[in-house]
Amino acid sequence: MSAAALAVPAKTRGAPFRVMPGFRLSLGFTIFYLALIVLIPLSAVFLKTFTMTWPAFWAAVTSERVMASYRLTFGASLIGASINVVFGGVVAWVLVRYEFPGKRIIDALVDLPFALPTAVAGITLTALYSSNGWFGRFLEGTLGLKVAFTPLGVVVALTFIGLPFVVRTVQPVLEDAERELEEAAASLGANALQTFVRVVFPTILPSLMTGFALAFARATGEYGSVIFIAGNMPMVSEITPLFIITKLEQYDYAGATAIAVVMLLVSFVLLLTINLLQAWARGKSGK
């Protein structure tokens, strides 16, 4: 053994070099940061709700007006996320598989809902889809379809803000996909539809479900881009986040946190279900 090797302490010989601190310190910092940013605020919501009696809690979260806002918020979020799964997947496919003039501009426009303030997005969508707007004039005058100040307007706004989540989740998966598998399927006689269903779709399915979960989670809590185009009519186009804001303005903090707890629990159950389905899809594709 050389003198240089003997000079190295026995405990450090052969130990891998780590840029970050050790596991215990990193794990401790992770738990502390997670508790500070996520767990403590969520605990405060539950603790404030626990100050209510069960009859008061049940009355606050099951009133007719609140139930109507639940149906609109979660229903529109599911519809918007489902639309984005289809059309966001198409956008990601086009951006990855084709070259065309203006591709970089379109690719940059996908991130516009991320950068655009939500209030600006809401005002813009309202101006476009109102009765005298560019799109609304045609839809309402020709097709008799009113978008602004209706539940349909809520779906449009939630679809707008959720598109980047699906595109940016599916896009890198398509870029890393092995084109040789598609060529092998084509050489074995598979047509384009069969190749997509049996080769491409199983590869991108987990990322599609991840994008759906992210778009849905963002949509359920969206406020700024919705309140302008929704019209905020009770029992018709009033979303749950707006109802929570209304409770806070009335200094009914316990009622606001009670509704927030219900939204949190429903969103958690739906996201957990989606994650379980995603894990199942990954297991099936790995076999």
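Helices α9 and α11 run roughly antiparallel to each other in this predicted model. The basis for that description is the angle at which α9, residues 151–176, and α11, residues 192–220, pack: about 150 degrees. Angles over 145 degrees count as roughly antiparallel, and therefore the term applies here. The axes of the two helices lie 8 Å apart, and their crossing is right-handed.

Let me turn to the residues of this contact. On the α9 side, the contributors are L158, I161, G162, F165, V166, T169, V170, V173 and L174. They meet a set from α11 that comprises V200, T203, I204, S207, L208, T210, G211, F212, L214, A215, R218 and A219. By class, the contact residues of α9 and α11 comprise 14 nonpolar, six polar and one charged.

How many cavities of 30 Å³ or more does a search of the whole structure find? The search returns one. The space in the largest cavity amounts to about 40 Å³.

Its lining consists of T73, S77, V154, L158, A219, T220, E222, V226, I239 and P241. Both helices of the pair take part: α9 and α11 each supply at least two residues of this lining, as does α4, residues 64–97. L158 and A219 belong to the lining of the largest cavity, and these residues are also listed in the contact of α9 with α11.

To close, I return to the helix pair: α9 and α11 are roughly antiparallel, with a right-handed crossing, and each supplies at least two residues to the lining of the largest cavity.

Methods: Residues numbered from 1 in each chain as written. Predicted model: local features only at pLDDT ≥ 70, side-chain atom pairs only at ≥ 80, totals over all residues. Heavy atoms only, no water. Axes fitted to C-alpha atoms, helices over the stretch in contact; angles between N-to-C directions. Helix = DSSP H or I, 4+ residues; strand = E, 2+ residues; numbered from the N terminus. Parallel < 35°, antiparallel > 145°, perpendicular 65-115°, else oblique. Left-handed = near helix turned anticlockwise from the far one by under 90°. Contact = heavy atoms within 4.5 Å. Nonpolar A, V, L, I, M, F, W, Y, C, P; charged D, E, K, R; others polar. 1 Å grid on protein atoms, 1.4 Å probe; cavity = no way out; pocket = protein on both sides within 12 Å on 5 of 7 lines; lining within 4 Å. Points joined across faces, edges and corners; volume = space filled by probe spheres on them.
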